[in-house]
Amino acid sequence: MAKELWKGNEAVAEAAIKAGCRFFFGYPITPQNEIPEYMAMKMPQIDGCFLQAESEVAAINMVYGAAGAGARVMTSSSSPGISLKQEGITYIAGAELPCVIVNMVRGGPGLGSIQPAQSDYFQACKGGGHGDYRLIVLAPASVQEAVDLVQEAFDIADQYRNPVMILGDGMMGQMMEPVEFKEVKKRSLPEKTWATVGTKGKRKPNVVNSLYIDAADCHNHNVDLFKKYAEIEKNEVRVDTYNVENAEIVFVAYGTTARIVKNAINSLAKEGIKAGLIRPVTLWPYPYKAIEEAAEKASVKAFMSVEMSMGQMVEDVKLGANGKKPVYFYGKAGGAFPTPKGIAEEAKKILGGAK
Amino acid sequence: MAVVFEKTRGLAEKPFHYCPGCTHGIIHRLVAESLDELNLIDDAIGVAPVGCAVFAYDYFNCDMQEAAHGRAPATATGIKRVHPKSAVFTYQGDGDLASIGAAEIVHAAMRGEKITTIFVNNAIYGMTGGQMAPTTLVGQKATTAPYGRDENHAGMPLRISEMLATIPKAVFVERVSVHDVKHIIQAKKAIKKAFQTQMEGKGFSLVEVVSTCPTNWGKTPIEALKWLQENMIPYYPLGNFRNTEEVK
Ligand SMILES: Cc1ncc(C[n+]2csc(CCOP(=O)(O)OP(=O)(O)O)c2C)c(N)n1
Ligand code: SF4
Ligand SMILES: [Mg+2]
């Protein structure tokens with residue numbers, strides 16, 4: 001198929017439909033409105049269901065119902081809406097239901113701004129809702145990668161019976177880029193024998209539930225969840241690297257910020273400074289090993305986490321570097337973003353000090 | 001020997017955990033019998049609330065989902081949109097439906113979701129130990145209204161059936177009680193009618209059951225039934241508030 005020019009949000013919606021998603025429940029919020037709008041236009045044409053819920057709380061609980069009923073289902077929102085969805089997300093994780101949640105992040109805290117940000121790293125990767133659970137978090141850096149990851153996300157969700165979040169940002173949602181809807185490799189998936197589809201009088205009732213009233217049962221449920229999470233950590237870590245070999249400074253950045261960092265790396269190269277990039281594609285499970293391996297290289301003097309936030313992922317970079325090399329942070333928050341020049345200057349300062 | 005009475009197929013084998021004299025058990029049986037008699041149980045998908053009826057998912061002999069507190073109508077919406085031919089129902093208490101889940105029930109009714117809601121109004125938060133509900137009567141004591149509900153402080157109790165009956169697509173709304181045999185029979189008729197309305201695809205249906213909580217009312221089961229008749233029914237009058245057929 002030839003490449004076409006697609007706006008990020010619309011491409012994400014089309015990718016979901018191509019992956020077989022036929023149920024979408026959402027609520028308007030900038031900068032992701034084109035996703036529900038696209039779904040509202042497309043779903044009736046393909047016998048699917050788009051429903052505008054009364055709130056993000058309702059939308060995610062509709063997702064819970066539809067996922068429990070065995071459907072491929074998605075919702076999307078942006079930061080304040082995701083805060084509201086956290087209730088449903090922990091229930092979905094607790095009841096082990098598959099679904100895809102898109103967050104086109106905007107500036108916070110509170111009503112914040114409507115410009116791109118990465119300040120939802122914590123609420124995506126470190127809980128967000130109550131209890132011990134994990135979301136699988138995928139962070140595309142281009143519209144093409146978003147399209148590929150959204151399609152795969154449904155398979156990942158079904159394989160592990162776990163919610164998957166696509167963590168984009170306002171820039172990703174709003175920009176237009178050439179996209180090719182490639183045939184993504186399908187995983188072999190288990191049948192949804194647990195779904196509530198009616199017993200037909202042929203089996204015991206299925207129950208979709210996250211309540212384990214006995215403490216020992218609830219503990220065991222958590223242990224089982226963590227066995228699954230260990231499996232995901234083993235199988236699903238994804239990371240992209242750029243010029244890490246012989247680098248003096250290694251930037252760590254995800255999503256659209258990683259593209260800005262590449263520009264900084266190229267301008268530093270012109271000045272004879274070797275810099276590289278580690279770009280986590282999965283934010284959970286996090287590519288700690290890639291960071292640790294870089295930390296063990298003699299050439300690497302320091303790491304710098306670059307984010308559109310006040311510094312959230314930097315904590316995971318520190319865990320990966322494990323004290324072997326210093327970890328610095330550079331970022332802009334609230335809808336402002338780091339520039340290649342700002343990043344390069346900060347790197348030179350660090351290297352000057354580190355020499 | 002002729003069978004005069006047997007347990008309905010609509011209920012699973014699990015014994016109820018409800019307090020002695022609690023009307024949740026009677027209401028479960030009426031819902032289960034209705035689903036069985038209408039031949040809906042094998043396709044039915046129910047949604048349990050957060051409240052004393054949380055374990056409803058173990059009691060009904062059909063597929064069930066346990067929803068977050070108050071969100072049952074949203075969860076049921078998701079289910080019904082996936083399985084439009086199944087009988088989908090929510091079973092909710094008054095804290096669940098009238099307080100934390102007020103938005104979800106109003107909008108499910110507004111959309112005319114083809115689901116049936118069984119709304120158990122016992123004027124109290126039973127499960128958490130007797131706190132005030134939006135339906136607690138003026139002057140009624142609750143652990144968070146130790147001097148009795150003061151209307152100038154906590155407002156007036158919500159009449160959910162009357163409120164929902166103003167919504168065009170809430171096509172069947174009836175308030176019933178289960179305090180004696182006559183009323184139990186009427187309640188069952190209403191519940192059956194609500195499910196029939198759903199299966200005919202007409203819109204949203206709700207049956208409010210005025211109910212007792214002897215434990216948190218601090219009464220014996222008999223006293224509780226008496227208190228219900230003397231105090232609840234005058235404020236929550238029984239009767240049909242919406243019935244599509246009568247409108248026609
Ligand atoms: C988000 C959330 N808030 C509060 C609770 C605690 N809680 C559990 S049941 C309940 C009230 C239930 O009362 P009602 O719906 O009237 O049901 P009843 O027990 O009276 O049948 C509350 C507040 C909860 N589980 N979740
Ligand atoms: S606490 Fe009240 S509502 Fe709950 S089971 Fe006991 S009597 Fe019934
Ligand atoms: Mg109650």
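Colleague: Which residue does A:V208 stand opposite in β2(B)?

Modeller: In this predicted model, A:V208 stands opposite B:Q65, which belongs to β2(B).

Colleague: And in which sense do β9(A) and strand β2 of chain B pair, parallel or antiparallel?

Modeller: The sense is parallel, with β9(A) pairing over 2 bridges with β2 of chain B, a strand that covers residues 63-66.

Colleague: OK, stepping back, how many residues of each chain are in contact?

Modeller: On the chain A side there are 34 residues, and these are in contact with 32 residues of chain B. Together the two chains bury about 2,500 Å², and 58% of that area lies on carbon and sulfur atoms.

Colleague: What about charges, how many salt bridges are there between chain A and chain B?

Modeller: The count is 4 salt bridges between the two chains, and one of the salt bridges joins B:R71 to A:E87, where the closest N and O atoms are 2.8 Å apart. Counting polar contacts, there are 19 residue pairs between chain A and chain B, with both residues at pLDDT 80 or more.

Colleague: Which elements of chain A supply at least two residues of the side that touches chain B?

Modeller: They are the strands β2 (23-26), β3 (49-52) and β9 (207-208), along with the helices α3 (56-68) and α4 (79-94). The largest share comes from α3(A), which gives 8 residues to the side of chain A that touches chain B.

Colleague: How do the residues of that side of chain A divide into nonpolar, polar and charged?

Modeller: On the side of chain A that touches chain B, 19 residues are nonpolar, 10 are polar and 5 are charged.

Conventions. Residues are numbered from 1 along each chain as its sequence is written. Chains are lettered from A and ligands numbered from 1 in the order in which they are written. This is a predicted model: local features need pLDDT of at least 70, side-chain atom pairs count only at pLDDT 80 or more; totals for chains, interfaces and linings use all residues. Side-chain values use heavy atoms; hydrogens and water are left out. Contact means heavy atoms within 4.5 Å. Buried area is the accessible area (1.4 Å probe) that two parts lose on being put together, summed over both. A salt bridge is a side-chain nitrogen of Lys or Arg within 4 Å of a carboxyl oxygen of Asp or Glu. A polar contact is a pair of N or O atoms within 3.5 Å; within protein, one must be able to donate a hydrogen and the other to accept it, and residues adjacent in sequence count only if both atoms are side-chain atoms. Helices (H or I, at least four residues) and strands (E, at least two) are DSSP runs, numbered from the N terminus. Ala, Val, Leu, Ile, Met, Phe, Trp, Tyr, Cys and Pro count as nonpolar, Asp, Glu, Lys and Arg as charged, and the others, Gly among them, as polar. Two strands pair if DSSP finds at least two bridges between them.
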